[in-house]
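Here is a short report on one protein chain. Keep the sequence and the 3D view side by side as you read.

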Amino acid sequence: MRRTFLLEIVMIAVAVAFLFPVYTLVSLSLKDPAQISQTPLALPDPPTFDNFTAAWSAAALGPSLVNSTVITVVSLIALIALGSFAAYFLARVQTRLGYGLYILFLLGIVLPFQLGMIPLYRLVTDLGLIGTHAGMILFYTGIQLPFTVFLYTGFIRALPREYASAAQIDGAGHLTAFTRVVFPLLRPITGTVLILNAVFIWNDFFTPLVYLGGSGFETVPVSVFAFVGQYVSQHGLVFAGLVLGALPIVAVFLALQRYVIKGFSSGLKG
């Protein structure tokens with residue numbers, strides 16, 4: 001009984017530690033500048049929504065949300081399509097080539113992408129894709145593909161081979177067996193891949209700042225950064241912009257969170 005009580009106290013403390021930044025963010029977004037400077041941790045008294053309307057118009061958050069959505073959605077489609085098919089090959093073809101490619105993908109996870117920032121920037125510039133959605137989609141697809149392949153490979157290895165073999169006996173080719181039999185079984189890990197990559201792409205600040213800065217196609221984090229200056233920072237607008245920018249990805253996470261643990265546990269069993 002005492003042990004259970006102590007565990008509950010620890011869990012409550014952990015929950016408070018995780019929820020406190022959320023409370024601070026929402027609370028400060030509902031305060032005017034005077035309240036932010038005088039009582040930053042107190043409840044808004046009275047709350048104001050002026051920060052949200054000002055942030056929406058001043059930072060052009062509408063177009064920024066569209067830019068973030070286009071880049072994130074198209075990148076996810078490319079990652080799921082390429083990553084799942086590549087992982088199917090690596091998981092099912094037991095050759096030196098398959099093993100070597102798998103190790104190469106693992107190296108892509110271990111090595112920090114900052115090592116290739118300058119060559120990648122030169123490549124995107126030479127292709128004429130700097131300041132475009134296509135350049136960002138190409139970047140995110142390449143950067144996140146190793147991680148996506150790693151997740152899919154572990155899950156596919158846990159699936160019985162008999163599913164695809166039965167389809168091939170009935171006359172289906174490898175592509176048909178994968179798209180119609182294997183891929184529908186990948187729903188749990190696909191949810192994991194989707195939410196983890198979506199959170200990374202949506203929240204990324206440095207890459208869009210470098211590739212999209214001044215182009216008119218800025219994403220939400222870059223647009224919110226416009227409220228932070230060297231001498232003056234509009235904190236109320238910053239927090240309001242962060243709340244507005246976080247709402248779509250939080251909604252996606254809440255809708256797909258049950259797939260994250262399920263996908264990880266199934267892949268680890270394999």
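## Overall picture

Start with a definition: a residue is buried when its relative accessible area is under 20%, exposed when it is over 50%, and partly exposed in between (1.4 Å probe, protein chains only). Buried residues make up 38% of the 270 residues here. This is a predicted model: local features need pLDDT of at least 70, side-chain atom pairs count only at pLDDT 80 or more, and totals for chains, interfaces and linings use all residues. Residues are numbered from 1 along each chain as its sequence is written, and side-chain values use heavy atoms, with hydrogens and water left out.

The protein has 13 helices and zero strands. Helices (H or I, at least four residues) and strands (E, at least two) are DSSP runs, numbered from the N terminus. Read along the sequence, the pattern is α-α-α-α-α-α-α-α-α-α-α-α-α. The C-alpha atoms fill a box of roughly 70 × 65 × 30 Å, taken along the principal axes. A contact means heavy atoms within 4.5 Å. Take the contacts with a separation of 6 or more: 71% of them join residues 24 or more positions apart.

## Two nonpolar cores

A nonpolar core is a set of buried Ala, Val, Leu, Ile, Met, Phe, Trp, Tyr and Cys residues joined through side-chain atoms within 4.5 Å. The largest one has 33 residues. Those with the most contacts inside it are I71, Y152, V182, L186 and I189. Several helices give two or more residues to this core: α4 (61–92), α6 (117–126), α7 (133–157), α8 (162–169), α9 (174–185), α10 (187–203) and α11 (206–212). The largest share, 11 residues, comes from α7.

Look at L186. Leaving aside its neighbours within four places in sequence, L186 touches S84, Y152, F155, I156, L159 and F178, all by the contact rule. A second, separate core has 18 residues, including A59, L61, L237 and V243.

## Where α9 meets α10

Two packed helices are described by the angle between their axes and the distance between the axes. Axes are lines fitted to C-alpha atoms, for helices over the stretch in contact, and angles run from 0 to 180 degrees between N-to-C directions. Helices α9 and α10 pack at an angle of about 70°, with their axes 5 Å apart. That makes α9 roughly perpendicular to α10. The scale is this: under 35 degrees is roughly parallel, over 145 roughly antiparallel, 65 to 115 roughly perpendicular, and the rest oblique.

Which residues make the contact? They are F183, P184 and L185 of α9, and R187, P188 and T190 of α10. By class, the contact has four nonpolar, one polar and one charged residues. Here Ala, Val, Leu, Ile, Met, Phe, Trp, Tyr, Cys and Pro count as nonpolar, Asp, Glu, Lys and Arg as charged, and the others, Gly among them, as polar.

L120 is found in helix α6. L120 is partly exposed, with a relative accessible area of 27%. Beyond its neighbours within four places in sequence, L120 is in contact with F139, I143 and Y211. The C-alpha atoms of L120 and F139 are separated by 8.0 Å, though the two are 19 residues apart along the chain.

L237 lies in helix α13 (residues 235–269). Is L237 buried or exposed? At 10% relative accessibility, L237 counts as buried. Leaving aside neighbours within four places in sequence, L237 is in contact with N51, A54, A55 and F227.

T219 sits in the loop between α11 and α12 (220–224). At 6% relative accessibility, T219 counts as buried. Neighbours within four places in sequence aside, T219 is in contact with S64, S68, I71, D204, P208 and L212.

## A cis bond and a database record

A cis peptide bond joins D45 and P46, with omega about -5°. P46 lies in the loop between α2 (33–38) and α3 (50–58).

UniProt, in an unreviewed entry, lists residues 5–26, 70–90, 97–117, 137–160, 181–202 and 237–256 under "transmembrane region". Its positions are given in the numbering used here, feature names are shortened, and annotations may be inferred rather than shown by experiment. Over residues 137–160 the model is 88% helix and 0% strand, and the end C-alpha atoms are 34 Å apart. Over residues 97–117 the chain is 71% helix and 0% strand, with the end C-alpha atoms 28 Å apart.
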